[in-house]
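Subject: Structure handover

Dear colleague,

Here is the structure I said I would pass on. My notes on it follow below.

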Amino acid sequence: MNPGPQVVLYLFDNPNLPITDTLIVAWLSVLIIIISAKLATRKLTIKPGKVQNAVEMLITSFIDQLEPMLPGEGWRFLPFIGTLFIFVGVGNLIGLVPGLTSPTGDLNTTLGLALVVFLVSNYEGVKAHGLWGYLKGFGQPVIFLLPINIIGELAKPISHSFRLFGNVVGGGIIMALVYQVVPGLIPVPLHAWFGLFVGLIQALIFGMVAIAYISVARSD
Amino acid sequence: MIQFTPEVVEAIITTASLIGAGVAVIAGMGPGIGMGLAAGKATTAVRRQPEARGAIITTMLLGQIISGSTGIYSLVIAIFLIFS
């Protein structure tokens, strides 16, 4: 039993360019997101229909999370945070389809997303304080804390990516163990917990932590 | 000086890494206690000030995320120990 990503084929037969199954499922979920977004916004009306109402509720809940943490700038960060949430949510839920593995169960995917959040938060910090003002913030409150602050900043993407990866892979391992012991109908309710609930909560948490990192970098 | 065959050495390494994985997940105790404390305090706060429910839940979740990181680290270490 190996929970890691499996290499499906090599691009141009080059051993340095492996294509794993999680990568293919990630492309598939991106396709699903693009197609459903196109379908949901095809004919927008003043009086919303069912689909438009649901999408508007989703956007409003994002804004309700964003506005208290980033006052006045919620709409500027909505595309970034909303994309993170929707991609992680679809990536977690697509693992419920038999035969597909979650792209978020691969450390490469989550570390990539976390590094994007790391770059954006540092860029916003530099933009808010200027380069020297932002760098001076690492020496606060006394200069002796400089290494600890730098280690704390570098630990952010690591903990951010390991949290999602650990939750998804841990749930998958527990499900595999249960399937070995009691195959049949008994593991089905566990899918509701590990697939649906933990998947959606982790997507929400991934977005919330990204908002928190950006707002901390802008405010300190 | 006892000379071990490579199979015995491999078995010892496997045993040690499995024991290490078991020891690593003992760290799951700490985040459990911490997250429970945060949830209990948040319940008290909602009881005291029900109109601030949304802000309290957001703050509680953020604190629980940070305190839960150590548990996730131990889980990841255990996974790496078992499957490497």
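At what angle do the axes of helix H4 (residues 107–129) of chain A and helix H6 (residues 146–181) of chain A cross, and within what distance do they come? They cross at roughly 140° and come within 8 Å. Axes here are lines fitted to C-alpha atoms, for helices over the stretch in contact, and angles run from 0 to 180 degrees between N-to-C directions.

Before the rest, the conventions. This is a predicted model, in which local features need pLDDT of at least 70 and side-chain atom pairs count only at pLDDT 80 or more, while totals for chains, interfaces and linings use all residues. Residues are numbered from 1 along each chain as its sequence is written, and chains are lettered from A and ligands numbered from 1 in the order in which they are written.

Chain A overall

Chain A has seven helices and two strands, in the order β-β-α-α-α-α-α-α-α along the sequence. Helices (H or I, at least four residues) and strands (E, at least two) are DSSP runs, numbered from the N terminus. The C-alpha trace of chain A spans about 60 × 50 × 40 Å along its principal axes. Of the 220 residues in chain A, 29% are buried (20 or more other C-beta atoms within 10 Å of the residue's own, with C-beta atoms placed from the backbone).

H4 and H6

The crossing of H4(A) and H6(A) is right-handed (the near helix is turned clockwise from the far one by less than a right angle). On the H4(A) side, the residues that meet H6(A) include Leu107(A), Leu111(A) and Phe118(A); among their partners in H6(A) are Lys156(A), His160(A) and Phe165(A). Contact means C-beta atoms, placed from the backbone, within 7 Å. The residues of this contact divide into nine nonpolar, three polar and one charged. Ala, Val, Leu, Ile, Met, Phe, Trp, Tyr, Cys and Pro count as nonpolar, Asp, Glu, Lys and Arg as charged, and the others, Gly among them, as polar.

H2 and H7

Helix H2 (residues 50–69) of chain A packs against helix H7 (residues 188–219) of chain A at about 25°, with the axes 10 Å apart. H2(A) and H7(A) are therefore roughly parallel to each other (angles under 35 degrees). Gln65(A), Leu66(A) and Met69(A) of H2(A) make the contact with Met208(A), Ile211(A), Ala212(A) and Ser215(A) of H7(A). By class, that is five nonpolar, two polar and no charged residues.

Chain B

Eleven residues of chain B are in contact with 14 residues of chain A. The chain B side of this contact has ten nonpolar residues, one polar and no charged.

Regards

How values were computed:
Buried ≥ 20, exposed ≤ 12 C-beta atoms within 10 Å, placed from the backbone. Contact = placed C-beta atoms within 7 Å. Parallel < 35°, antiparallel > 145°, perpendicular 65-115°, else oblique.
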